[in-house]
Amino acid sequence: MTEHITTATITADPELPAIRITRDFRATPEQLLRAHTDPDLYAMWVGPHDLSTRIDHWDARTGGSWRFTNLRGAGSETEEFRFFGSFHEVRPDRIVQTFTFEGFGDAVSLETMTFEDLGDGWTRLHGHSLLDSFASREAMLASGMDVGINEGYAALDSMLGAGEVA
């Protein structure tokens with residue numbers, strides 16, 4: 001019996017300003033691709049639980065681009081965090097994209113996600129983010145990204161279990 005990684009492992013590469021993420025899902029590679037490329041689905045699971053997501057622009061194809069805003073609170077007390085990037089390559093087993101947090105504009109990362117079919121209805125997501133410097137990487141790691149990743153992936157698990165990602 002294969003043991004599955006159901007809490008994301010997040011590691012910093014000692015030689016490069018890079019972060020690696022590994023996480024297993026009870027899903028097909030096609031479902032994970034859809035969860036990462038369908039804007040309505042993506043907005044439902046990405047980020048920590050205390051934020052909602054508004055998709056501002058989404059063109060999930062090779063050569064396309066994206067922009068979304070995370071929102072916390074309501075009315076005049078709403079905090080907004082904006083992110084944008086471009087899809088370099090979108091294919092069934094892999095997404096390559098750039099990722100920029102507008103509050104940290106000098107730190108553009110190049111992200112590669114691959115979806116590895118483990119069999120028995122499980123898929124392993126491998127994420128690799130290459131940043132422009134070790135300082136940028138450390139800032140990203142210190143930002144609380146682990147909370148957002150794990151809470152977001154838990155929400156995605158729930159959506160997959162409920163059949164919301166066909």
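Figure 1. The model shown is predicted. Phenylalanine 115 belongs to strand β7. Glutamate 80 lies 35 residues away along the chain from phenylalanine 115, and the two C-alpha atoms are separated by 30 Å.

**Figure 2. Helix α1, residues 29-37**. Of the 9 residues in helix α1, 7 are buried, so the helix is largely enclosed by the rest of the structure. The buried residues are Pro29, Gln31, Leu32, Leu33, Ala35, His36 and Thr37.

**Figure 3. Strand β8 and its two partners.** Strand β8 covers residues 122-130. Strand β2 (residues 18-25) runs antiparallel to β8, and 8 bridges join them. Within this pairing, isoleucine 19 has serine 129 as its bridge partner. Strand β7 (residues 109-119) also runs antiparallel to β8, with 9 bridges. Here methionine 113 stands opposite glycine 127.

**Figure 4. A nonpolar patch on the surface.** Leu16, Leu110 and Leu130 form this patch. Together they have about 230 Å² of accessible area. Leucine 130 sits in strand β8. Is leucine 130 buried or partly exposed? Leucine 130 is partly exposed, with a relative accessible area of 34%.

Figure 5. Strand β3 (residues 52-58) pairs with strand β4 (residues 65-72) in the antiparallel sense, over 6 bridges. The bridge partner of arginine 54 in β4 is threonine 69. The hairpin of β3 and β4 has 6 residues between the strands. In that hairpin, glycine 63 takes a positive phi near 90°. On to the next pairing. Strand β5 (residues 79-91) runs antiparallel to β4, and 8 bridges join the two. Threonine 69 stands opposite arginine 82 in β5. The hairpin of β4 and β5 has 6 residues between the strands, and glycine 73 takes a positive phi near 90°.

**Figure 6. Salt bridges.** Side chains of opposite charge can pair when their charged atoms come close. How many salt bridges does the structure hold? The structure holds 14 salt bridges. In one of them, the side chains of aspartate 56 and arginine 54 meet at 2.8 Å, N to O. Aspartate 56 counts as partly exposed, at 32% relative accessibility. Arginine 54 is partly exposed too, with a relative accessible area of 35%. In another salt bridge, arginine 61 pairs with aspartate 59, the closest N and O atoms being 3.0 Å apart. Arginine 61 counts as partly exposed at 47% relative accessibility. Aspartate 59 is partly exposed, with a relative accessible area of 24%. Glutamate 89 and arginine 91 meet in a salt bridge at 3.6 Å, N to O. Arginine 91 is partly exposed at 34% relative accessibility.

**Figure 7. The whole protein, for orientation.** The protein has 4 helices and 8 strands. From the N terminus on, the elements run β-β-α-α-β-β-β-β-β-β-α-α. The radius of gyration is 15 Å, close to the 15 Å that the globule rule gives for 166 residues, so the protein is as compact as a globular protein of that length. The C-alpha trace spans about 45 × 40 × 30 Å along its principal axes. Buried residues make up 40% of the 166 residues. Among contacts between residues at least 6 apart in sequence, 46% join residues at least 24 apart. The accessible surface comes to about 8,700 Å². Carbon and sulfur atoms account for 53% of that surface.

Methods:
Residues numbered from 1 in each chain as written. Predicted model: local features only at pLDDT ≥ 70, side-chain atom pairs only at ≥ 80, totals over all residues. Heavy atoms only, no water. Patch = residues over 30% accessible without salt bridge, like charges linked within 9 Å, V, L, I, M, F, W, Y side chains within 5 Å. Areas by Shrake-Rupley, 256 points an atom, 1.4 Å probe, with all protein chains shown as cover. Salt bridge = Lys/Arg side-chain N within 4 Å of Asp/Glu carboxyl O. Buried < 20%, exposed > 50% of the residue type's maximum accessible area, 1.4 Å probe, protein only. Pairing = 2+ DSSP bridges. Rg over C-alpha atoms; globule rule 2.2 N^0.38 Å. Contact = heavy atoms within 4.5 Å.
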